[in-house]
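Welcome, and please open your viewer. We will go from stop to stop, selecting residues as we go.

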Amino acid sequence: MKVKMSLLRVVCLLVLVSSCAVKKINIEKENLKIVNREIIPIENSEQYKLSLNAVKGDGLAVFESVSFETGTIELEIRGEDVQGKSFVGLAFNIQNDSTYEAVYFRPFNFRNKDVERRKHSMQYISHPKNTWKYLRANFEGQFEAIFNNPPAPDDWFSISIKIEVDEVYVYDKRNNIELMKVKRLEKQASNRIGFWTGFNSKGDFKNLVIKN
């Protein structure tokens, strides 16, 4: 009986470990669908790093073979210290090129002297209806947040995004401090994710890790 119980515990442990899989994603153009952007060639190219150029309109780099619905996504992002021209983040629940949810950052606001601008350092959106303009006009302060103890605007920063059925959490991966918690405005309809850049924005991304 003791042997059977021990085997049962081992099986249960293996099931638990497998259900909490951690996967580092290979970021290469062959694995991506690029929407309204071009990949900037990187000298000494790394399989876990990607740069997108700046173009009018929003852009996506959608992973073709990555399946994700709920869990945690970790990544490093780098934008620019250019007022109004650096919007970088992660899109999820991507149904098509214009229908998705996203969490993105405005690095130029990270250390802005204007407190009100700092409050707009990060944003949740749900396109096509719930754009940042619509959410700010109708739900001011509910879907944006300040980046406490922020990095320099043009430095890499590490983020952890926890996506649940009804809520989204954003953490500073350096210290695991919660930066933003928002109610999701959409039901899960897709298992696709991708890097996101906003109007006239370039973006650098690396070290994408998924924890289901």
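**A guided tour**

Begin by selecting Ser-86, which sits in the loop between strand E5 (71–78) and strand E6 (88–96). Strands (E, at least two residues) and helices (H or I, at least four) are DSSP runs, numbered from the N terminus. Before going on, note that this is a predicted model: local features need pLDDT of at least 70, side-chain atom pairs count only at pLDDT 80 or more, and totals for chains, interfaces and linings use all residues. Residues are numbered from 1 along each chain as its sequence is written, and side-chain values use heavy atoms, with hydrogens and water left out.

Is Ser-86 buried or exposed? Ser-86 counts as buried because its relative accessibility is 0%; buried means under 20% relative accessible area, exposed over 50%, and partly exposed in between (1.4 Å probe, protein chains only). Now show Glu-80: its backbone nitrogen lies 2.8 Å from a polar atom of the Ser-86 side chain. Not counting residues up to four places away in sequence, Ser-86 also touches Phe-105, Arg-106 and Ser-201, among others. Contact here means heavy atoms within 4.5 Å.

Follow that link to Phe-105. Beyond its neighbours within four places in sequence, its contacts include Ser-86, Phe-87, Met-122, Phe-157 and Val-170.

In soluble globular proteins, nonpolar side chains tend to be buried together.

Next, select Leu-208 in strand E14 (residues 203–211). Leu-208 counts as buried because its relative accessibility is 0%. Which residues does Leu-208 contact, leaving aside neighbours within four places in sequence? Among them are Lys-23, Ile-25, Phe-63, Ile-73 and Phe-195. Draw a line from Leu-208 to Lys-23: they are 185 residues apart in sequence, and 8.5 Å apart in space, C-alpha to C-alpha.

Finally, zoom out to the whole chain. How many helices and strands are there in the chain? There are 3 helices and 14 strands. Buried residues make up 45% of the 212 residues.

Notes. A polar contact is a pair of N or O atoms within 3.5 Å; within protein, one must be able to donate a hydrogen and the other to accept it, and residues adjacent in sequence count only if both atoms are side-chain atoms.
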